[in-house]
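Please read the following report beside the sequence and the structure, which are shown here.

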Amino acid sequence: MSKASIGRQTTWVEKALRVALYTVLIIMATVYLMPFLVMLLTSLKDVEEIRTGTLLSLPSTLDLSAWSKAWGEACTGNNCGGISPYFLNSFQIVIPAVLISTLLGAINGYVISLWKFRGSDLFFAALLVGCFIPFQVILLPMARTLGWLGIANTTTGLVFVHVVYGVAFTTLFFRNFYQAIPGELVKAARLDGAGFFTIFYRIILPLSTPIIVVTVIWQFTQIWNDFLFGVAFSGFDTQPVTVALNNLVNTSFGGKEYNVDMAAAIIAALPTLAVYVLAGKYFVRGLTAGAVKG
Amino acid sequence: MNTKAANSGSRKTQSGRPARLSLADWMPKIVMAPTVVVTLVCIYGYMIWTAVLSFTNSRMLPSYKFVGLDQYERLFNNDRWIVALTNLGIFGGLFILICLFLGVVLAIFLDQKIRAEGAIRTIYLYPMAISFIVTGTAWKWLLNPTNGFEKLMIDLGFENFKFDWLINPDMVVYCLVIAAVWQASGFVMALFLAGLRGVDGDLIKAAHLDGANTFTTYRRIILPSLKPVFFSAMVILSHIAIKSFDLVAALTNGGPGYSSDLPANFMYAHTFTRSQVGLGSASAMVMLGCVLAILIPYLYSELRGERHE
């Protein structure tokens, strides 16, 4: 294709390719959207409609009873109070865990990139490995430890676990971000007599808003969506919503109520979906930050 | 990130200055201390602890009677473990290949100055924001043979359509692949799209001037320059595959029988519900070995590349 032909006139071949391109992209978009659409449709039908209709048949009336049942009455295991208490548990776990791990990550990243000491790079490498170990390796010892600390089966215990294993990632995020800050900035501030915390608080933190947003969103999504720690370390009353959802779906008293299952699943997904819709840009940045350098 | 190494020189001179031993000099170490302690204990200490347990005959509670490699021998004589490992091979292999393929193709398609690109990208990526438990729940409903996809096709007129993979021990592992690809392929697309946007525009112009068509330009110039993205994506995807636990728990619960177990589910079942702590620990160590086999070469090349920048 010579340069002159580009843009001057589009041949019918190019037009046909364009149409094919858009067709493929739209079909794929439909495929990605379909499961959520089916969940939504199913949650709005009653059991009879689900039995007689198909996945894509529309509900005859807008029936929200499955939603209220999922929220307040459905049975998860032996407990028939819906998933609302567990939804709140998740917030009780996520909020402190996100705040603490983000703060620790910021301080660690600050030290590792701007206050290097002997061994700090080595430690960073060691921490990096911690991002990637399969958590099965620490599951049992952690369960014993939580028992000794007296916080087994509590939300406090889960906060502790999420902070411990979240710090590796938060440190990585902040460290990569702070690497771009010139060392001269800190040097000059030190010559002016500013101390470790003053520099952090007055100079570094005000620069950190983007990476704080990325880290908070990443941690929120990770911890909210966690299932392994939740199922291993929580008690009956302290389960996060993912564990409760799984119990709800696998509880089989009488007939299967798929509409209630789907409503509960959407409720469990709503907070992270909302974050994604509202702050998608930062979510993607977090996803790619650990993956692609820069 | 090109600026990473740029300022390390200036910091060295700073720490090389004669030290006043004040609180300020200790501060960095003091604030790092909690993380250092926690990392050493809760990552490395626990790793060693689990390694030790894998050499003992621990059952319901940890015991410290050493039995050498007995647990590993039992593990690899255990049919359920072999099924789990085989499943990981099938699941991981297909999951990675399909995600990479879809990711590259969708990224290239989306990179053709598409109208509403932002909206389409958002749709491709949203499953990544959802928990695997929700994904599993949704696909369990979609794939169930009585009311799900099979019935939809039959009602559409394909009367002999059969789709019972979810309850078929030979096929159930492919259900895991479908759900996991749905969840993660958009993420791979995002990785490649970011990579494509970073390719030097002059390079592409030069190729066009030399008479290369779009297809050749992608094959010969653009895709080869994305090798690091392929590498990262593969590491991340294999990492997701090895750690997969929640998807199985929600979608199949390991069934029918244990035909769709993955190693993570084997480990959990034996450690926490079947009182086989020694065996569970051995399986955890094998999982760790798999991850390290992939991770160490990757980190090595990453860190080395950084130093040479």
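## Leu251 of chain B

Leu251(B) has its place in helix α12 of chain B, where helices are DSSP runs of H or I with at least four residues, strands are runs of E with at least two, and both are numbered from the N terminus. Leu251(B) counts as buried because it has 26 C-beta neighbours inside 10 Å; a residue is buried if 20 or more other C-beta atoms lie within 10 Å of its own, exposed if 12 or fewer, and partly exposed in between, with C-beta atoms placed from the backbone.

Leaving aside residues up to four places away in sequence, Leu251(B) touches Gly136(B), Trp139(B), Lys140(B), Cys175(B), Leu176(B) and Ala179(B), contact being defined as C-beta atoms, placed from the backbone, that lie within 7 Å. Between Leu251(B) and Val172(B) there are 79 residues of separation in sequence and 9.7 Å in space, taken C-alpha to C-alpha.

## Basis and confidence

This is a predicted model, in which local features need pLDDT of at least 70 and side-chain atom pairs count only at pLDDT 80 or more, while totals for chains, interfaces and linings use all residues. Residues are numbered from 1 along each chain as its sequence is written, and chains are lettered from A and ligands numbered from 1 in the order in which they are written.

Chain A has a mean pLDDT (the predictor's confidence in each residue, from 0 to 100) of 87, and 93% of its residues reach 70 or more. Over residues 1-6 of chain A, however, the pLDDT is below 50, and this stretch has four contacts in the model beyond near neighbours in sequence.

## Two residues with positive phi

Most residues other than glycine have a negative phi. Lys113(B), although not a glycine, has a positive phi of about 55°, and it lies in the loop between α4 (79-110) and α5 (117-125) of chain B. Lys113(B) counts as exposed, because it has 7 C-beta neighbours inside 10 Å.

Asn253(B), also not a glycine, has a positive phi of about 55° and is found in the loop between α12 (246-251) and α13 (263-273) of chain B. With 17 C-beta neighbours inside 10 Å, Asn253(B) counts as partly exposed.

## Helix α7 of chain A

Helix α7 of chain A (residues 155-178) has 24 residues and reaches 32 Å from its first C-alpha to its last, which is close to the 34 Å expected at 1.5 Å a residue, the expected span being 1.5 Å times one less than the number of residues. α7(A) bends by about 40° at Gly166(A), the bend being the angle between axes fitted to the seven residues ending there and the seven starting there. Of the 24 residues of α7(A), 23 are buried, so this helix is largely enclosed by the rest of the structure.

The domain assignment of chain A gives domain 1 (3-63) and domain 2 (84-289), with bounds that come from an automatic or database domain assignment. The centres of these two domains of chain A, taken over C-alpha atoms, are separated by 35 Å. Eight residues of domain 1 of chain A are in contact with eight residues of domain 2 of chain A, and α1(A) gives the most to the domain 1 side, with four residues.

The contact between the chains takes 81 residues from chain A and 89 residues from chain B. Helix α13 of chain A (residues 258-289) gives the most to the chain A side, with 15 residues.

Conventions. Contact = placed C-beta atoms within 7 Å.
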